[in-house]
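Subject: Structure handover

Hello,

Please find the structure we spoke about below. My notes on it come after.

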Amino acid sequence: MQAYQNQSIKIHNSLSGKKEVFEALNEGHIGMYVCGPTVYSNVHLGNCRTFMSFDMIFRYFKHLGYKVRYVRNITDAGHMVDDAEDGEDKIAKKARLEQLEPMEVVQRYTLDFHNTLEKFNLLPPSIEPTATGHIIEQIEIIKDIFEKGYAYEANGSVYFDVAKFSKTHEYGKLSGRKLEDMIANTRELTAQDDKKSPQDFALWKKAETQHIMRWPSPWGDGFPGWHLECTVMSTKYLGETFDIHGGGMDLKFPHHECEIAQAEASYGQSPVRYWMHANMLTMNGKKMAKSTGNNILPGEIFTGENELLSKPFSPSVVRFFMMQAHYASILDLSDDALLASEKGFTKLMEAFDAISGLKTDNKSDFDVKAWEQQCYDAMNDDFNTPILIAHLFEAVRHINLIKEGKESITATDKEALQHTVNNFVFDVLGLEQKAGNAADIEKLSGAVEMLIQFRKEARENKDFATSDKIRDQLAELGIQLKDGKEGTTFSVS
Ligand code: AMP
Ligand code: ZN
């Protein structure tokens, strides 16, 4: 029997606003689509949080034995500056400013995206399709929406007719918006606008002469609207109905609302069974965003080169920091919060390192089986990683008591404990214990032992300035020294 058959998962479905019992459309299989990045600049830590959240969900399903097809796209055309309909394509703008081919921009930032996610130990998705690789499919669906009467052409562009659609469908149901309110809150159309109504959104935009990213279509040269690619690529690879569609909370409107409208207009139904939205990473209480400059790049965290930070932090510490919050809660980044996470992470890793050396007995004071189920229960409750981590710290408490001889554990429980820790900490949360392979670690240990010896000599000579400098600079590199009765030991975070 597969493990997933023993676990009942509840997911907060953004469409119903409720936690629902998850049932896979095809037993044992899951289709999951997550909106990927627009590759016109380096990914910031906020973007990483969303992708990390869905990576954790992907990992948990895989851990339970599901066969998951995880599709995460790359937006390489059609996403306009400020998410508005007019203006320039984000990639084309960057290409113009840097005097590059748009595809050079795409290549550069796709590589950066992949490198960054690899550092954070994200698993690659099963398929990573691009918008420009699916122009034909996008043109086909526009034709279909046209034939069904929900689109109109104006001056070489094609728009989705929201008013017409709303007569028979509920536009706004995902984001909880009402069409009347949207109409009341938007500006009047000007003479330059081709749309019939400000709520209408572009399916196809006419390319002006200077627009480099263009493709031929029945309506003339142009490019697809941003919302279309996700409708097309999700259903192409996952079918006209699939299990999960995810993305950041900021994509609910207009992006996902428009995806639903396009699918309902073309296929007669929305393909998505569970809509999931990950919440924002903030900094100084404000959303981290590329456009406002309120952001921090992962590279700056790893080197500590940012005024917000007192020191560098390793990718696993950052990942642990993210996992300490529920994916649907807002999380604020600060130096203090990262320092606290680093402390917690080190404590966790030290305890888990000690499991293999624990002495066993013929009785256990730690009910490992019950604890393991608590870990599953946390994850089954809408992927509640903070609760899971609280349970992991409960295990740390027991490990330390066993180490001190104040509690005991049987050999079977010790093995079960090691197994469950590996499952949840490394497979599901995706944390990594130490960077580097065994040979690197051995070299690192040699070098640190040497510095520990220099520090000892400095202290013996009452040269405390040097001894403190050694300790502080090692700490900056993520290497903590601990002075004990038997001498100085170190741990790496
Ligand atoms: P973009 O490249 O702007 O299309 O964004 C890629 C993904 O990152 C989307 O799912 C966004 O919702 C998500 N995202 C953008 N800003 C943040 C943030 N501050 N915190 C979490 N996720 C974000
Ligand atoms: Zn999308």
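This is a predicted model: local features need pLDDT of at least 70, side-chain atom pairs count only at pLDDT 80 or more; totals for chains, interfaces and linings use all residues.

Ligand

Ligand 1 is surrounded by 17 residues, and the closest are Gly46, Thr50, Asp250, Leu281 and Met288. Asp250 also makes a polar contact through its side chain, where an N or O atom is 2.4 Å from an oxygen atom of ligand 1. Two further contacts involve the backbone. An N or O atom in the backbone of threonine 38 lies 3.0 Å from an oxygen atom of ligand 1, and for a backbone N or O atom of glycine 248 the distance to a ligand oxygen is 3.1 Å.

Helices α2 and α3

Helix α2 covers residues 90-98 and helix α3 residues 102-119; their axes come within 8 Å and cross at roughly 105 degrees. The angle therefore makes α2 roughly perpendicular to α3. On the α2 side the contact is made by Ile91, Lys94, Ala95 and Glu98, which meet Pro102, Val105, Val106, Arg108 and Tyr109 of α3. Sorted by class, six of these residues are nonpolar, three are charged and none is polar.

Helices α7 and α8

The axes of α7 (residues 226-238) and α8 (residues 252-267) come within 9 Å, crossing at roughly 60 degrees. These two helices are therefore oblique to each other, and the crossing is right-handed. Residues of α7 in the contact include Trp226, His227 and Leu228, while those of α8 include Pro254, His255 and Tyr267. By class, this contact has seven nonpolar, five polar and one charged residues.

Regards

Terms used: Residues are numbered from 1 along each chain as its sequence is written. Chains are lettered from A and ligands numbered from 1 in the order in which they are written. Side-chain values use heavy atoms; hydrogens and water are left out. Axes are lines fitted to C-alpha atoms, for helices over the stretch in contact, and angles run from 0 to 180 degrees between N-to-C directions. Helices (H or I, at least four residues) and strands (E, at least two) are DSSP runs, numbered from the N terminus. Angles under 35 degrees count as roughly parallel, over 145 as roughly antiparallel, 65 to 115 as roughly perpendicular and the rest as oblique. A crossing is left-handed if the near helix is turned anticlockwise from the far one by less than a right angle, and right-handed if clockwise. Contact means heavy atoms within 4.5 Å. Ala, Val, Leu, Ile, Met, Phe, Trp, Tyr, Cys and Pro count as nonpolar, Asp, Glu, Lys and Arg as charged, and the others, Gly among them, as polar. A residue is near a molecule or strand if one of its heavy atoms lies within 4 Å of it. A polar contact is a pair of N or O atoms within 3.5 Å; within protein, one must be able to donate a hydrogen and the other to accept it, and residues adjacent in sequence count only if both atoms are side-chain atoms.
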